[in-house]
Amino acid sequence: MSDITKQSLTELVENVKNKKLSSTDVTKAFIDRSEKSEELNAYITNNFTSALDKAKKFDQKPNLDLKLPGIPMAVKDLFCTKNIKTTAGSKILNNFVPTYESTVTENIWNEGAILLGKLNCDEFAMGSSNETSFFGNVQSPIDKNLVPGGSSGGSASAVAGQLTPVTIGTDTGGSIRQPASFTGIVGLKPTYGSCSRYGIVAFASSLDQAGPMAQNVKDCALLHEVISSYDPKDSTSIDFKRNHYSKELTNNIKGKKIGIPKEYRVDGMPKEIEDLWKKGIQYIKDCGAETVDISLPNTSYALPAYYIVAPAEASSNLARYDGVKYGFRAKGKNLIDMYEKTRSEGFGAEVQRRIMIGTYVLSSGYYDAYYLKAQKVRKLIKNDFDEAYKKVDAILTPSTPSSAFKIGEKTNDPVSMYLNDIFTVPVNLAGLPGISIPAGHDSKGYPLGLQIIGKAFDEQNILNIAYAMEEKINFKNKITDWWIK
Amino acid sequence: MSIDLKTIKHISKLARISVDEKRAEKLAGDLNSIFDFIEKLNELKTDNVEPLTSIAETTLKLRSDEVKSKNIREQIIKNSPQDNEDYFVVPKVIE
Amino acid sequence: MSKKNSEYLINRKDNQYEVVIGLEVHAQVLSESKLFSTSATKFGAEPNTQVSLVDAAFPGMLPVINEFCVKQAIKTGIGLNARINKRSVFDRKNYFYADLPQGYQISQFKNPIVGEGKVILDMPNGQKEVGIERLHLEQDAGKSIHDLDPQNTFVDLNRSGVALMEIVSKPDLRSPDEVNVYIKKLRSIMRYLGTCDGNMQEGSLRADVNVSVRPKGSKEFGTRCEIKNVNSIKFMQMAIEYEANRQVNLIEEGKTIDQETRLFDTKKNETRSMRSKEDAHDYRYFPDPDLLPLEVSEKFIEELKNDIPELPDDKKKRFIEEFKLSSYEANILVSDIDTSKYFEEVVAKMGKNKDIKLAVNWITGELFAALNSKGLEISQSPVSAKNFAILINLIKNGTISGKIAKTVFELMIDGDKDPQKIVEEKGLKQQSDPKAIEALIDKIISSNREKAIEYKQGKEKLFGFFVGQAMKASGGKANPQLINEILKKKL
């Protein structure tokens, strides 16, 4: 069967279940394409040999009752994988081999999937363009020298470039939705507490969530169904009734009320984005749902609050990388000297910058002015959403304030880089689910995404809305295979 | 709001990241522009707002007092840059 | 409540200084597994064999709290007559050290699990109340070993993550003696509750000691210094004495005292400044985002309250009322849970016709002395409470004399033998047959004619001589009371 890599996850699963394809066929196809795609730099570590072995083993005794029977899958290199190097895109973890598996990846392997490799990402997931990785920047399959977005840039690139059928990323301030939007794929950030954080290299604990990235909404629903689970090993994991998201997926959203928040109409927003949003509103109406103008008055404070909370938590979460127990160690005259050199040489510039911000805002005398203030703002932002959800079932916004930019374009201006996350960050601050779906192209032919934000634990609803809109939008990603010689 | 070199040096000590003069200057510049942006929060009155302490609106679950993790010394030490099979080894601490 | 204790003052030519002491006691929670991980807490294990991925802070590892440790902290709070906070928060205390794998310690900063309480101390001149500021739960650190290698420090993380209760007193203590009694009282309460074994040799109980001095009568506090991590009462007392004198000397010389952290050097018997670690401590506390606020219900607390055993103060009161003991005696018996257990078991085993005073005298006298010389705890006593009770009863009912009882007790110490059997086997039973004693005495009088006459002429001192002779002749077994009576008659 030709063009295996063009098939969606749902199709692949069906074909394996119907024995039209073996796991080996599928795995081989994705390995072949991945091997031809080195220029994208999507992988940090490949697991091809072992993946093929596993696929063969699967085919000898296939368990076709599983949800992901023998399906190969690469994952972001922020998930700890047993006996396979896990770097978080950082030099400081360059040689780190976990002896344990993250809960989310464990869930995936338990459903029959096979690890293809570990995907590139911004160092410790800090970045919006995948340019901060110690292992080099990732190219977008959309165009040469275009960023795939970040931090799950390798993941977005690998799905859009068909190096993996689906993948999982993590989203702290937009790290799934923004790259999904930049590369024309679907990305879901689940409700905080939906997917276990156990075994995921932490960036900002109160914001981090793992989530699926896929070619379409149905694939996304299926993968989410696999990864979402209550985990007693994560104290912030929440025990709620989880749906069979893919089975319960419906495009019937008649009568749903979708909020359009006026505060997302930010100054300087390109007309293309504005138009996309308008189109989105029309799609909603075409689906038989209703749009309602709403207000989320504290939206503009979300990003500044985020740039206090996330670095503060990160500065503490990254203290464990000190050259003592694992990872990189620089030579030092004494313990302190060793620490300072290890962390100075082991962390890249952006990570250091954020550790410094975080250390500063938590330092004596500044806690109330920054961290406490930011947590209060967070409360206000959450209240805004709570208030809105009294009137609407979900909220529609653009995913990003612009389409993808060129590699190197924003690296010297951290604030303009941070502004990329302006539409995605409020969702993390409030712990809500949000999904980005491809909805159109800009004048350069680059993809643009729309974001649907839901109530907490209401993933099914936003998946349904996305599913219904997807049908109307009928988006076709323009992948030219420019990187394949 | 201005973060000077002295502050940068102080923070880098707290964060245990050595920075040379050149990097310190660059960092001071970056941090100042970031904090200019963050200062926007000062517009907002928050005196009567309760801070959000946890985004997951549930209480802490308690686990039972059972020993489940056995001796995994080999696993624990295996990734360390320097060890002697029994201990992690670090350069002498100077007091 | 009498407030006047014998004052501990530091005297200089013209001035007298009062010492103000507050303690931060770190008590290891008695639990099988650690506060946020499932590795064991046993003392003395091989290095790094009780370390989980969580304890060694591997990437992506997360803390999950141990319910039992929460209960232990609340029980201790109840034992300290303290307010239990239904909502408490875990914070991160950030600093770098080789034996702190996370780069932060999970502790409770602004919202501890236990609030204000109090402890009553029995001082020689009356009772004294010491305020408790708070009790919070936190993780212990690992151990850095500096003396195994000239270039390197070795790190053992076995203790990393073990649950500690930090019990912070108000600055209510005024002398090394009070500190001694306070620590022992805390230890006693926690041992009664089973929340901490109080074993100072194993580091289960250690303290940071805050010391300041002020002119006698002054209401203002002086600048305090914190002496870190002192692990025996003796060292605490020595450290306080040294530190108070050092501070007084500075004041007398017109110098100022720097608020600082100091170490007690047990070899040189002095405190010295911990070389201020380049930058002042700035722990950057903030709520641990990996944990949610800890909430406990009224019911949860009530159930724990119902589970609290009789504590030393109540037990003491009861001993005084029920057994008519003196306050001093009761104190000795209740101060250690094992002593009180032993005593109560003896009382129970003595049955109806019991002599409690006699039992107390024997416990605090013979038994304590014997244990002391053998270096044993009362819980390891070779003489069981049951046999001890039998022994006391044998004295009480006149089967053996107190003197013989000592001989019997010595035999019992060498193995838990039934005193009744010892008495029978060795023929130590007291001679209480008046006829036999009469015969014995007749013999003695007839062989000591002159002395008997001297006695009758008024040399009453000689009575003792006859008692002694009679005792000797009976091999110490004759009932001394009968000897007295019969001698009086015959002489």
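Which residue of β5(C) stands opposite Asn94(C)? In this predicted model, local features need pLDDT of at least 70, side-chain atom pairs count only at pLDDT 80 or more, and totals for chains, interfaces and linings use all residues. Residues are numbered from 1 along each chain as its sequence is written, and chains are lettered from A and ligands numbered from 1 in the order in which they are written.

Asn94(C) faces Tyr104(C) in β5(C). Strand β4 (residues 91–94) of chain C pairs with β5(C) in the antiparallel sense, over four bridges; strands are DSSP runs (E, at least two residues) numbered from the N terminus, and two of them pair if DSSP finds at least two bridges between them. The two belong to an open, antiparallel sheet of three strands in chain C, in the order β5-β4-β15. Because β5 (104–107) and β15 (286–287) of chain C each have a single partner strand, they stand at the edges, and one side of each is left without a neighbour in the sheet.

Chain A is assigned domain 1 (4–259 + 391–473) and domain 2 (300–372), with bounds from an automatic or database domain assignment. Their centres, taken over C-alpha atoms, are 27 Å apart. The contact (C-beta atoms, placed from the backbone, within 7 Å) involves 28 residues from domain 1 of chain A and 22 residues from domain 2 of chain A. On the side of domain 1 of chain A that touches domain 2 of chain A, α13 (414–418) and α14 (425–430) of chain A each supply at least two residues; helices are DSSP runs (H or I, at least four residues). The largest share of that side, three residues, comes from α14(A).

Technical notes: Contact = placed C-beta atoms within 7 Å.
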